[in-house]
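Keep the sequence and the 3D view at hand while reading.

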Amino acid sequence: MSTQTAAWLVLAMPLAGTLIIALGGRILTPRMAGWIGTSAIAAAFAFAVVTLVKLQGLGEEERHVASSLWDLANAGGLRVSLGIYVDPLSVLMILVVTGVSALIHLYSVGYMSSDEGYTRFFAYLNFFVFSMLLLVLAGNLILLIVGWAFVGAASYMLISYWYRRTTATAAGIKAFVINVIGDIGLVLGTFFIVRQMGVVDFGPLFEGAHSEFAKNDPSLVAGMILILVGAFAKSAQVPLHTWLPDAMEGPTPVSSLIHAATMVTAGVYLIARLHPLFEWAPTAATVGAIVGALTLLIAGTIGLTVTDLKRVIAYSTMSQIGLMIMGVCAAAYVGGLFHLMTHAFFKALLFMAAGSVISAMAGQQSLDRMRGLRKAMPFTFGCFIAGGLALSAFPLMSGFFSKDALLFEVGQRGGGWIVFYVIGYIGSVMTVLYTWRMLYRAFWGDPCPEAVELEGGHLHHAHEHTNPANGEVEDTEVGFPGAEHHIAERTWQMKVAMSALAVLSVLAGLIYLPFGITDTFEKFLEPTFADSIVTHPANDGLEVFGVILTSVLAIGLIAVAYRIWAVGEGRATAWQQRLPLLHRLFVNKWYFDELLDLLFVRPIAWFGRFSRDSFERVVIDGALVGGTSGIVRAGSSAVRALQTGLLRGYAGLVMVGLAAVLLYFLIRAA
Amino acid sequence: MLSTYAPAIVFVVLGTIIGIAFTVLNGVLGTSRPSPAKLDPYESGMASEIKQGFRFGISFYLVAMLFLLFDIEVLFLYPIAVQLRAFGTFALVETIVFIGLLTVALIYVWRRGALTWK
Amino acid sequence: MTSVLASVKGPEIDWAAFSPLLGLFGGALIVLMVGLSSPRVIRAHGVPALTIAAFGATIGLLIWEWNEQVSLIQDALILDRLTILITLLVCVAGIASTLLAWREQAAREIAHGEFFSLLLIAAGGMVVLAASRNLVTTFVGLELLSLPLYILCASRLRSERSLESGLKYLIVGSVGSATLLYGFAMLYGATGETDYAGILTQVVKEGLMGDALFLAAIGMTIVGLAFKASLAPFHQWTPDVYEGAPTPVTAFMSVATKAAALGVIVRLFFTALLPGVDDWRPAWIAIAVISILVGNVGALGQRSLKRMLAFSSIAQAGYLLVGVVVVTELGAEAVVLYLVVYLLANLAAFAVITVRERETGSDAIGSLRGLGARSPILAGAMTLAMLSLAGIPATAGFIGKFRLIEAAADGGYTWLGIVIVVGSMISLAYYLPVVAAMWRPDTEPGVDPATGRAVLAGGAQEAEAERGGWEATLVAAVMGAAILVFGIVPQPLFELVGDVLKGFGTG
Amino acid sequence: MNINWFLIVSALMFALGAIGVLVRRNPLVVLLCLELMLNAGNLALLGFSRMWGDGDGQIFAIVVMVVAACEVAIGLGIVVALYRRRLPIDVDELRELAG
């Protein structure tokens with residue numbers, strides 16, 4: 001089997017899975033559909049591994065293989081083919097996508113098993129994987145756009161999967177609209193590039209870019225910024241990010257797969273894929289880095305204030321992707337992609353664990369209700385800790401090495417990029433805080449009623465099924481979540497998937513350790529980025545500094561978080577009443593906490609609230625998407641008010657129009 | 001050029017003036033003693049059967065429209081008539097085809113029963 | 001004058017090139033006569049079958065004449081690639097509309113023969129319009145297409161809405177015709193010619209570019225043609241007429257009239273009026289932008305699907321104009337390409353509406369609820385149609401829009417391309433709810449989703465579904481498949497519309 | 001006679017017709033006004049035909065007359081249908097379709 005064949009088969013597997021599940025819907029039992037979907041993706045992963053092996057078997061210079069099935073269009077001197085492009089970057093992506101997807105499919109087999117629309121769920125999920133693979137394997141910009149649009153559609157279908165939930169359908173529409181804004185940006189951007197270059201295939205595109213465009217050519221910069229708009233929308237970057245928190249309305253495996261591990265990282269992939277163009281348009285790259293950095297900060301602050309468990313992780317995703325975008329825009333490709341990979345592992349794991357927690361809470365997602373789940377669900381707790389440690393870059397965890405590698409590469413560039421280096425660390429501070437706030441609030445403290453019930457061996461079930469977002473009463477038929485809840489402790493499929501990811505979250509860092517201890521990952525990606533024109537001056541001191549700073553931040557801030565959220569105010573008040581003298585001794589600490597609160601937590605919280613309430617609601621939702629008061633709606637009622645049905649009124653408007661046209665022409669004549 | 005039409009213009013103007021003059025004179029000079037009987041549509045004989053809101057029957061409009069259409073189509077024969085010699089046989093064939101088409105239309109109208117008075 | 005004409009022995013007519021027109025008009029005559037026959041089966045099924053045969057024969061004749069470029073009847077008409085393509089579109093629309101009208105109430109009410117022969121005559125008028133190279137034939141073509149459509153709109157004699165739409169269309173349409181006629185009269189007055197070619201030479205020779213009469217003529221011509229293409233602000237008849245007319249007629253009107261109107265706009269403004277391009281271009285641009293805005297904005301929040309599609313067609317006409325104002329060959333190609341994809345999407349949508357209207361008696365968006373579960377073919381076709389109209393990738397509509405934007409940018413009007421994009425973004429807000437409604441199940445089984453009334457029994461509903469007819473489903477399926485196929489493999493489309501201006505100036 | 005006179009009269013006729021369409025509510029009168037507008041075009045055609053001394057304008061005018069007759073016939077047909085359905089013969093009352 002050649003490299004191309006294996007890559008085509010990777011693409012074919014999920015498509016076959018989709019078709020089998022969609023067409024055989026009536027014949028297949030739901031359980032069979034689940035297993036067919038899972039095995040299709042597992043097969044795709046197997047072929048992805050074969051692709052990897054075959055590609056590595058080629059010489060370093062030949063590790064980019066283009067293959068095309070047939071020509072889609074050949075008009076006006078532009079040839080567009082149904083072709084794929086296999087190189088280390090796309091192989092890395094297909095490995096991550098198929099690997100994580102396979103595990104999440106497995107998890108879903110257990111997690112979704114009581115849902116009435118089980119079969120449909122797997123058809124959608126397989127379709128998503130197919131679209132995502134099409135996106136990352138696409139050999140030209142046009143096919144990439146098609147994959148890009150397909151993942152948007154799949155995401156829309158999966159967010160609105162519980163289609164009788166009003167909040168879910170609204171979230172789906174919002175995601176779709178914002179993604180289409182991005183698609184349009186991507187299409188227009190492509191247009192700018194293709195118009196000048198006359199080719200859409202990646203190989204010739206990259207080779208010809210430096211001769212067709214001057215460095216920082218205005219039309220190239222404009223095109224790349226438009227393409228960035230596409231990347232921002234898909235990767236939920238400011239200001240096109242508002243769909244992602246709402247997308248949490250979808251089932252948890254969807255959040256895990258699409259809105260954490262794979263689809264939302266498409267923007268990072270796109271920038272890395274088009275790096276020869278971005279490097280040739282440094283202005284666009286800088287814009288991308290600025291937006292990434294902004295997102296990193298804004299999402300981090302919001303993550304500190306929201307109380308919905310899934311939304312905390314969603315904002316964390318936004319923030320981490322902001323970091324990656326900042327990284328790849330700063331030419332920290334290896335670090336950025338390394339972080340993409342480890343993030344896929346630990347974020348998928350966190351979502352899976354969150355799904356298990358939500359099940360234990362009978363669908364409740366609010367952190368205010370959760371308390372002391374540690375003893376009730378030890379396995380989930382363990383996974384949460386593994387994911388949380390990785391996310392907060394705790395030393396020796398995968399996230400530690402990847403974040404470190406990313407920021408080190410950014411810092412190595414020196415000059416103005418140092419600003420982004422610093423912002424990256426500020427972001428890390430918030431990452432640790434919100435991660436551990438979530439962990440401490442959900443798992444520490446006195447057990448909440450649900451946790452007590454679970455400790456007694458019984459899974460809590462609500463008397464009435466309600467929508468956690470607005471409290472509407474629901475039944476459990478198709479279109480709403482199913483009746484049963486499943487936790488990892490009692491469902492082997494979930495347990496297997498989470499264990500695998502937990503191991504990866506802890507150990508995946510070993511393939512790329514600092515100080516050149518291991519460089520497997522860098523060596524692997526080298527052929528793709530060999531043509532990079534950005535140089536990173538060596539800076540060993542920085543590397544040491546980075547490793548130490550990251551460790552100190554992670555360990556220190558976990559302790560700070562413990563003080564704020566685990567050792568709650570309630571406990572302190574109780575002590576104060578019992579031992580008024582000891583209280584004095586703790587006064588200073590109290591001041592410290594309050595000072596911390598005043599200086600640190602409150603401003604951030606305020607900014608987070610502002611970002612969420614004012615910025616998102618007013619600017620994004622109000623003016624762009626348009627509520628009842630939007631500009632577009634006003635225009636609509638005006639047009640329809642003119643449509644009175646009164647014939648003479650129509651004739652009147654015609655006369656006015658005629659007069660206007662005539663007046664124009666007579667003025668031209670004069 | 002205008003002088004060519006002078007007699008016609010004089011005729012129209014005189015006609016208008018005389019018409020208006022007589023009507024006005026009649027109203028001014030004549031006596032007017034209206035009575036209910038005089039205002040009836042028919043001053044003598046039987047009372048009118050026809051009610052006030054009378055309208056022509058549908059068939060009237062139908063036939064009128066058909067007449068209008070067939071009548072106006074004949075207009076197309078005028079240019080041919082003017083240039084009959086120039087076009088020769090072609091004009092003859094054209095005319096026959098045209099009249100043939102009209103005949104088809106007539107047959108259709110007739111078969112659909114539009115010509116039967118209801 | 002007589003002496004010159006004495007030498008003329010009738011105009012030369014290339015009968016082969018003339019044959020597509022004869023196919024349509026001859027078909028109309030035959031259909032009319034067959035419609036008189038007494039057996040009900042012949043009237044109800046023979047007549048539409050014959051109509052399809054006539055359209056099919058015309059398509060056959062077109063294929064026979066595919067590579068010809070001939071001028072007909074002393075250059076009054078021309079058979080070139082543009083004519084052939086527009087005729088092809090009109091015939092496809094005609095076949096689809098005939099299939100939709102097969103069980104149509106309206107056809108029964110005004111007699112099948114009349115209904116279908118009027119359809120054929122209107123199609124013939126569209127061909128004359130698109131093929132004409134003379135002001136007189138242009139006007140004749142315009143009226144030949146308009147007059148039958150006035151009647152067809154009012155053909156549901158027992159429905160007040162149908163009559164209202166017919167009368168409204170007639171009156172507003174006639175105002176448009178009169179305006180156009182006045183424009184033509186002035187054009188003739190300014191140049192002394194009725195031939196497009198003659199007008200062009202005269203304008204160039206006499207330097208009439210800034211002449212008041214010539215410019216006023218262009219102005220009135222623009223207004224008259226804008227009417228027929230339903231461009232804002234001359235659009236107001238469109239929603240009312242589309243809603244009131246029988247759905248198959250609306251389908252035909254929305255697609256074929258637009259094709260013919262755009263055809264004549266391209267021909268007239270690319271030849272006879274080309275010297276005045278600097279003057280007329282801003283006017284068309286203004287009309288295009290207003291149409292895109294008014295159409296997209298007006299379609300928001302409409303309850304009736306036909307009304308929504310009417311506003312959408314106004315916006316689409318605006319997009320199409322963008323291909324005209326750039327005045328390039330690429331622009332003309334983009335216009336025809338977009339006409340093709342617009343035809344596919346609109347016919348698919350109207351086919352579904354026809355079926356639903358027969359089943360539920362309503363064309364409200366709500367009447368589509370639960371269609372996805374009951375009839376995946378119809379719902380799939382409608383979804384594709386909506387996505388295609390919105391220009392989502394992997395549908396033909398995306399290809400069409402991409403080409404238009406490309407033409408705009410190529411012609412130096414990138415900002416018009418952006419207007420198209422903005423319009424498309426707004427349009428998602430009314431196309432997507434349709435898709436969403438279809439794939440959502442009925443709220444309560446046993447309740448008619450459109451009216452909220454309880455339906456009687458299962459049997460009654462099945463009988464109603466029977467009335468929808470397989471013909472409409474066939475149209476929906478074929479059009480939907482074509483949208484998808486051309487969305488993925490657009491090459492045949494590019495080849496079809498390539499060289500659209502081939503033979504444009506012949507004769 | 002100067003062509004301008006023809007044009008002025010025809011423009012006046014066109015304007016009168018347009019005003020008639022705007023202000024009259026009886027569809028029959030509206031149809032009459034439409035005729036007026038078409039015939040304004042005819043007058044202009046004939047005037048120009050005279051000015052250029054060729055027959056094109058006259059032929060055009062004949063075609064227009066036929067078209068005008070057809071329009072009126074269709075208009076009358078619809079009015080008759082409205083009358084049969086006992087609907088008001090008033091364009092302002094035709095407001096079923098709006099919005």
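The largest nonpolar core has 487 residues. A nonpolar core is a set of buried Ala, Val, Leu, Ile, Met, Phe, Trp, Tyr and Cys residues joined through C-beta atoms within 7 Å; buried means that 20 or more other C-beta atoms lie within 10 Å of the residue's own, with C-beta atoms placed from the backbone. This is a predicted model, in which local features need pLDDT of at least 70 and side-chain atom pairs count only at pLDDT 80 or more, while totals for chains, interfaces and linings use all residues. Residues are numbered from 1 along each chain as its sequence is written, and chains are lettered from A and ligands numbered from 1 in the order in which they are written.

Within the core, the residues with the most contacts are A:A348, A:L349, C:L89, C:L347 and C:A348. Helix α15 (residues 329-360) of chain C supplies the largest share, 22 residues; helices here are DSSP runs of H or I, at least four residues, numbered from the N terminus. Leaving aside residues up to four places away in sequence, C:L89 touches C:A256, C:A259, C:L339, C:V340 and C:L343.

Where chain C meets chain A, 43 residues of chain C are in contact with 41 residues of chain A, contact meaning C-beta atoms, placed from the backbone, within 7 Å. On the chain C side, α10(C) gives the largest share, seven residues.

In chain B, confidence is lowest in helix α2 (residues 36-39), at a mean of 67, and highest in helix α6 (residues 89-111), at 86.

Definitions and conventions
pLDDT is the predictor's confidence in each residue, from 0 to 100. Helices (H or I, at least four residues) and strands (E, at least two) are DSSP runs, numbered from the N terminus. Two residues are in contact if their C-beta atoms, placed from the backbone, lie within 7 Å. A residue is buried if 20 or more other C-beta atoms lie within 10 Å of its own, exposed if 12 or fewer, and partly exposed in between; C-beta atoms are placed from the backbone.
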